Amino acid sequence: MHYKRMYLFDDNSELDRLIEENCEGNLRIKKVKFKFIISKGLTVKAHHKKQYEQSGFGLRIQAGPGALANDPNANIGTLQYLFGGSTKQITEIINQLKSWGIIYVFKEAVRGESSRKYKFTPHYEGQDMTMRWFSRKDAKFIEKWHNLWQERLKDPLYQRTQDILDDNIKLSDEGLEFLKNKYQGHKGVSDLVEAYRLGCVRDNWIHLNEILKGILIKDEDIVLFQFLLMNAQVYPRKKTKRLFHTFCNLKRCYRKFILLDGRPLLETDISNSQPTFSVALINSYLKEKKPQLYGKHDMRVYEKHCREGNFYEVIAGKAGVDITDGEQRDQFKEDFYKQIFFAVNSGRSTPIMEAFTQLFPTAARAISGLKKGNYKRFALELQGLEAELMVYTVYKQLLDEGHVVLPLHDAIYSNNEETKQRAEELIKLQFQVKHGMQVAVKNKKNDGMGTSVCKATVGTGEAANEVFQQQPLTVIESRQEVSSVAVNETPINLEAMVDGQSLTPDQLAKVVAFIRKEVINGKTDIKNAA
């Protein structure tokens with residue numbers, strides 16, 4: 001028997017009552033269909049919080065006539081495909097959910113741009129969730145849903161990734177104790193943790209439904225519970241070519257609870273990754289469409305800032321935006337992507353847009369050209385370029401060489417120094433081979449401290465002061481989880497000992513801020529920053 005998991009509101013008695021009072025036909029199956037549609041929305045709310053807040057969630061009822069004309073299989077995965085029959089029953093379910101005050105239309109459909117978007121009403125939006133498993137016994141379409149997922153796993157790379165999620169990824173004892181303590185009022189969580197430790201979870205999901213009924217799961221913990229219930233899955237998306245899986249949706253601060261073959265994760269990723277990939281995409285476009293602009297000085301400067309890891313700092317400085325602390329920097333990055341990479345071509349202007357255009361006019365023209373006819377094209381091609389290099393080349397080769405790793409968009413997660421170094425070598429090699437570029441690679445240990453592991457260690461006192469006075473200093477990251485700097489493009493480890501004492505994360509953040517403001521001006525030395 002095959003089972004599929006849905007997210008539900010913990011108390012579904014009101015929904016069941018409404019269905020019984022207002023619907024006809026096979027009510028058992030109808031209840032599952034209603035819950036499936038609700039689960040679609042709760043999945044976006046739990047896994048993609050910002051997307052839900054900004055755009056709500058869509059319900060793909062059927063593929064449009066144009067899509068079907070170009071691809072006979074375009075309807076696969078739609079609600080009509082899963083439920084069977086006409087779209088009338090699906091529309092009725094959605095309308096009833098609206099009339100019952102469970103969902104509402106957040107954004108109307110825009111022809112050629114997007115489908116209608118929904119949100120849960122405040123009463124339901126604030127409710128905690130639970131999970132429940134369904135089988136063909138509940139509704140025949142569950143089997144069709146399962147088979148659709150299995151069909152996608154016929155791709156060998158997807159299947160190998162699923163095998164790693166099933167066999168090599170585990171929750172640490174620290175993670176298990178974290179869940180027990182956070183949900184200590186729910187005996188069911190202790191029972192689930194014990195079942196996990198005994199290896200009694202997988203393939204027994206249907207028997208866990210009763211335990212899960214009484215557990216109110218916070219949005220931020222829902223993905224962690226998927227690992228507890230050994231339900232991590234691969235779900236590739238053809239549109240972006242990215243390889244999505246459950247780990248992609250796990251909060252960064254929870255990655256310390258994940259073990260790969262019993263060891264903490266080591267992260268290898270690219271400094272300023274999306275801008276770095278954009279260099280390759282823009283250069284390719286210029287070479288083909290605007291050869292007179294190819295090789296312009298501002299594009300070489302653009303690439304240099306990506307490699308040095310100060311791309312965002314340069315634009316923020318020009319725009320007059322302070323990104324000294326981590327939250328400011330994260331907000332700036334979000335604003336940058338909204339206004340530059342993901343925005344519709346328009347005549348509007350913002351400080352960030354003006355700064356970008358003044359600093360990198362060639363890049364601005366190329367991005368505008370790439371968006372003509374479809375403003376999403378630039379972002380989709382960027383993600384496709386990233387997936388081609390990181391997943392279908394680097395990740396695949398690491399697996400072929402016998403390494404056990406897990407990809408996350410622009411990063412590779414491993415658990416040992418040899419594999420970490422090999423990942424770094426392949427990333428640099430493939431950028432050189434495919435795009436003729438040199439890139440900077442960062443390495444981090446996901447052990448809860450979140451400090452970076454770099455290639456060199458800076459000294460203290462006069463030695464440190466001398467190093468920083470010799471060359472201009474570029475801050476790569478000033479966030480607590482990545483606190484590294486670069487002198488003349490050489491990474492410096494700030495996970496250093498200062499006067500024989502290890503730095504706490506808070507002290508580390510202060511050191512970075514201090515270096516930016518004081519040491520770069522030669523006023524003092526690094527040891528005083530602690």
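This is a guided tour of the structure, stop by stop, for use with a viewer.

**Before starting**

The model is predicted, so local features are described at pLDDT of at least 70 and side-chain atom pairs at pLDDT 80 or more, while totals for chains, interfaces and linings use all residues. Residue numbers run from 1 along each chain as its sequence is written, and side-chain values rest on heavy atoms, with hydrogens and water left out.

**The whole protein**

Begin with the complete model in a cartoon view. The protein has 23 helices and 16 strands; these are DSSP runs numbered from the N terminus, a helix (H or I) having at least four residues and a strand (E) at least two. Of its 530 residues, 51% count as buried. Buried stands for under 20% relative accessible area, exposed for over 50%, and partly exposed for what lies in between, with a 1.4 Å probe and protein chains only. Among contacts between residues at least 6 apart in sequence, 68% join residues at least 24 apart, a contact being heavy atoms within 4.5 Å.

**First stop: Leu 42 in helix H2**

Select residues 27-47, which form helix H2, and find Leu 42 there. Leu 42 is buried, at a relative accessible area of 0%. Show its surroundings: leaving aside residues up to four places away in sequence, Leu 42 touches Tyr 7, Leu 8, Phe 9, Phe 120 and Met 129.

**Second stop: the loop between H13 and E7**

Go to the loop between helix H13 and strand E7 (258-260) and select Met 230. Met 230 has a phi near 50 degrees, a positive value in a residue other than glycine. With 14% relative accessibility, Met 230 counts as buried.

Gln 233 is found in the loop between H13 and E7 too. Is Gln 233 buried or exposed? Its relative accessibility is 16%, so Gln 233 counts as buried. Not counting residues up to four places away in sequence, Gln 233 touches Lys 4, Trp 149, Gln 162, Leu 165, Phe 244, His 245 and Thr 246.

Move to the loop between strand E8 (263-270) and helix H14 (273-289), where Asn 272 lies. Asn 272 is not a glycine, yet its phi is positive, at about 50 degrees. Asn 272 is buried, its relative accessible area being 4%.

Side chains of opposite charge can pair when their charged atoms come close. A salt bridge here is a side-chain nitrogen of Lys or Arg within 4 Å of a carboxyl oxygen of Asp or Glu. How many salt bridges does the structure hold? There are 28.

Select Glu 334 and Lys 50, whose side chains meet in a salt bridge at 2.4 Å, N to O. This pair links distant parts of the chain, with Glu 334 in helix H17 (residues 326-341) and Lys 50 in helix H3 (residues 49-55), 284 residues apart. Glu 334 is buried, at 18% relative accessible area.

Next, select Lys 218 and Asp 128, which form a salt bridge of 3.5 Å, N to O. Lys 218 is in the loop between helix H12 (209-213) and helix H13 (222-228), and Asp 128 is in the loop between helix H7 (122-125) and strand E5 (129-135), 90 residues apart. Lys 218 counts as partly exposed, at 35% relative accessibility.

**Last stop: helices H20 and H21**

Display helix H20 (residues 377-400) together with helix H21 (residues 417-435): their axes come within 10 Å and cross at roughly 130 degrees. Axes are lines fitted to C-alpha atoms over the stretch in contact, and angles run from 0 to 180 degrees between N-to-C directions. H20 is therefore oblique to H21, since under 35 degrees counts as roughly parallel, over 145 as roughly antiparallel, 65 to 115 as roughly perpendicular and the rest as oblique.

Show side chains at the contact, including Leu 385, Glu 388 and Leu 389 of H20 and Arg 422, Ala 423 and Leu 426 of H21.

Arg 422 lies in helix H21 and Glu 401 in the loop between H20 and strand E9 (406-408), so the pair ties together parts 21 residues apart in sequence. Arg 422 counts as partly exposed at 23% relative accessibility, and Glu 401 is partly exposed at 35%.
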